[in-house]
Protein chains: 2
Amino acid sequence: ARPRVGYYYSGKKGNQLLKEMLNKMTVKDYKAVPVVIKEDTSVYDAIVTMFLEDVGTLYVVKERGTLAGIVSRKDLLKAAIGKQSLQDLPISVIMTRMPNIITCQIDDLLIEAANKLIQYQIDSIPVVKPLDNGEGLEVIGRITKTTIAKAFVELGKEKEV
Amino acid sequence: ARPRVGYYYSGKKGNQLLKEMLNKMTVKDYKAVPVVIKEDTSVYDAIVTMFLEDVGTLYVVKERGTLAGIVSRKDLLKAAIGKQSLQDLPISVIMTRMPNIITCQIDDLLIEAANKLIQYQIDSIPVVKPLDNGEGLEVIGRITKTTIAKAFVELGKEKEV
């Protein structure tokens, strides 16, 4: 049999190489477009938006596009089996609010965002940009478990590293 | 400045190294426990199970534990905003049925399962074992986007490759 060649480098170097690759993958290059609704949207309309846009999480924004809340399929499902009329219930009643929202920024590493998804057991992280005047966080993207799964699949297709 | 050392190998070899790592990651080592319900479970009870077990997808099994269907949060949310009584509606009415279910097996590569999640736009893949008598697929695990995100995070923590 032909001897296997090309494996003369140590584990440490292979690790460095993988780290180098992961350190090149930033939120900026992987983020998807955020799907946002306003605070006075009804839970019913939020559910419809979720189906139309085919996303698992919606971001709730204020007039200026700054982050006010976040709502998941799980939150909507919980509301849907409740007793309230979904048309009359505003999303602001059931959403998770700032400052209890996990966010990331465009220069963060993708692996840091992935780590937050796992650590906080969430499906989606808004990518935000703090406004200069300190008046909130502008929502500019989203990182989800789908983003991470796509990045993982891409690793297997890498032609060069 | 100190010269950077240890990067004398070619892109091709780095690629081989990554491929080697990915080729060691199989479904067997990453699968989670499946959460299953019976075909006559009501949609209401399915939703409750989903909350209690904190999963995004339920597998529906026949008496012998073989795969009959699959139901996602999205399917349940769609049913929840419908007109039917969720207590009276059996899950078998709204579930996706065999043979329209994407499955994987324990010796598949994790990256193949990840690729299916992306390709078919699904959140969860049952890990199955075909019964010897050809009478169905026994459900033995689950691979989800969470599984893949965890594997991705782990890559960044690899001590040796």
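Buried means under 20% relative accessible area, exposed means over 50%, and partly exposed lies in between (1.4 Å probe, protein chains only). Helices (H or I, at least four residues) and strands (E, at least two) are DSSP runs, numbered from the N terminus.

This is a predicted model, where local features need pLDDT of at least 70, side-chain atom pairs count only at pLDDT 80 or more, and totals for chains, interfaces and linings use all residues. Residues are numbered from 1 along each chain as its sequence is written, chains are lettered from A and ligands numbered from 1 in the order in which they are written, and side-chain values use heavy atoms, without hydrogens and water.

**Exercise 1.** Find which residues of helix H6 of chain B are buried, and why they line one face.

*Solution.* Step 1: go to residues 110–119 of chain B, where H6 lies. Step 2: pick out the buried ones: Leu110(B), Ile111(B), Ala113(B), Ala114(B) and Leu117(B). Step 3: look down the axis of H6(B); the buried residues fall within an arc of 155° (taken from the directions from the helix axis to the C-beta atoms), so they line one face. Step 4: recall that an α-helix has 3.6 residues a turn, so residues three or four places apart point the same way.

**Exercise 2.** Decide whether Thr103(B) is buried or exposed, and list what it touches.

*Solution.* Step 1: locate Thr103(B) in the loop between strand S4 (96–97) and H6 of chain B. Step 2: read its relative accessible area, 19%; Thr103(B) is therefore buried. Step 3: leave out residues up to four places away in sequence; Thr103(B) then touches Leu67(B), Lys116(B), Ile125(B), Pro126(B), Val128(B) and Leu137(B) (heavy atoms within 4.5 Å).
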